[in-house]
Structure formats: C-alpha cells, structure tokens
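Open the model in your viewer and switch to a cartoon view. Keep the selection panel at hand for this tour.

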Amino acid sequence: MAISEDSVREEIRKVIDPELFVNIVDLGLVYVIDVQPADEPDQSNVFIEMTMTSPACPAGPQLIGQTKQFVSQMEGVKEVEVKIVMEPPWTPDRMTEDARDQLGIF
C-alpha cells in the first residue's frame, strides 16, 4: 500500500488529546504532512509539522510520541519526523465541526 498524506492523516486520527478527548487531526493540531520517497524501494519518510493548543501543553510529549508510534507502524514507512511549530498559533477555529460538536463549541 502506498503511503499518502491522506493515509497518514487517517492513522494519526488514533492520537487522542488526553485532556480534550478529541483526536489531533480534528483539533486542527496537524499543519503539514509531507511524504517523501526513502532510499529503499517501496519505503517512504514522513515529516509532520504540528502544534499544541498552548506552548506549555502538558500532553505535548505524549502526543508527539503517539504520532511517531502510529505512523512508524504503517507498512512502507521508514522514518518519521515530528516537528512542533508555534506559527501560526493554534486557535479553536482550526477545529473541525465534529470536534466543535464534541466539545460543545458552537
């Protein structure tokens, strides 16, 4: 199975923010997913840029670790790099409608 941005995005929907109980994709924390060919046939390297709801987010290390873990387990993934960025800053308007519904934000 070929690795794509969409397949990575679906895999990291499994990463749930432990404080808000919503996945990081629907929260709007994932900014960039870049899939590049690795130096081995049928392998890809995945680079992810994501943010946190605040710079001092206590769940940050857990979210980064789980993101790396889930993507690394995908067939055809050689390396995963997750970079935390704070620009642009996260705001609630980055959330999907599903996330807003779950959190009661209208």
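Start inside. This is a predicted model, and its largest nonpolar core has 29 residues. Select Val8, Ile12, Ile24, Val46, Ile48, Leu63 and Val71: these have the most contacts inside that core. Now colour by element. Helix 1, strand 1, strand 2, helix 2 and strand 3 each give two or more residues to the core. As background, nonpolar side chains in soluble globular proteins tend to be buried together.

Three of them form an open sheet in the order 1-2-3, with mixed pairing. Which strands are at the edges? Strand 1 (30–37) and strand 3 (77–84) are, each pairing on one side only. Neighbouring strands are turned by 15 degrees against each other on average, direction ignored.

Follow the pairing strand by strand. Strand 1 and strand 2 run antiparallel, with seven bridges. Pick Asp34 here: its bridge partner in strand 2 is Phe47.

Select Val46 and look across to strand 3: Val80 stands opposite.

Zoom in on Ser44, a residue of strand 2. Ser44 is buried because its relative accessible area is 13%, below the 20% cut-off. Beyond its sequence neighbours within four places, Ser44 contacts Ile3, Val35, Gln36, Pro37, Ala38, Gly76, Val77, Lys78 and Glu79.

Go back to Val46, one of the residues with the most contacts inside the core. Leaving out residues up to four places away in sequence, Val46 touches several residues, among them Ile3, Val8, Ile33, Val71 and Val80.

Select helix 1 (residues 5–12). Helix 1 packs on the sheet and touches strand 1 and strand 2. Its direction makes about 130 degrees with that of strand 1. Which residues of helix 1 are buried? Ser7, Val8, Arg9, Glu11 and Ile12. These buried residues pack against strand 1, strand 2 and helix 2.

Move on to helix 2 (residues 60–72). Helix 2 lies across strand 2 and strand 3, running at about 160 degrees to strand 3. Trace the chain from strand 2 over helix 2 to strand 3: the three make a right-handed β-α-β unit.

**The annotated stretch**

Finally, select residues 5–82. An unreviewed UniProt entry annotates this range as "domain: MIP18 family-like". Over residues 5–82 the chain is 27% helix and 27% strand. Display the end C-alpha atoms of this stretch: they are 14 Å apart.

Terms used. Residues numbered from 1 in each chain as written. Predicted model: local features only at pLDDT ≥ 70, side-chain atom pairs only at ≥ 80, totals over all residues. Heavy atoms only, no water. Pairing = 2+ DSSP bridges. Helix = DSSP H or I, 4+ residues; strand = E, 2+ residues; numbered from the N terminus. Axes fitted to C-alpha atoms, helices over the stretch in contact; angles between N-to-C directions. Contact = heavy atoms within 4.5 Å. UniProt positions renumbered as here; feature names shortened; annotations may be inferred. Buried < 20%, exposed > 50% of the residue type's maximum accessible area, 1.4 Å probe, protein only. Right-handed = clockwise from strand over helix to strand, strands pointing away. Core = buried A, V, L, I, M, F, W, Y, C linked by side-chain atoms within 4.5 Å.
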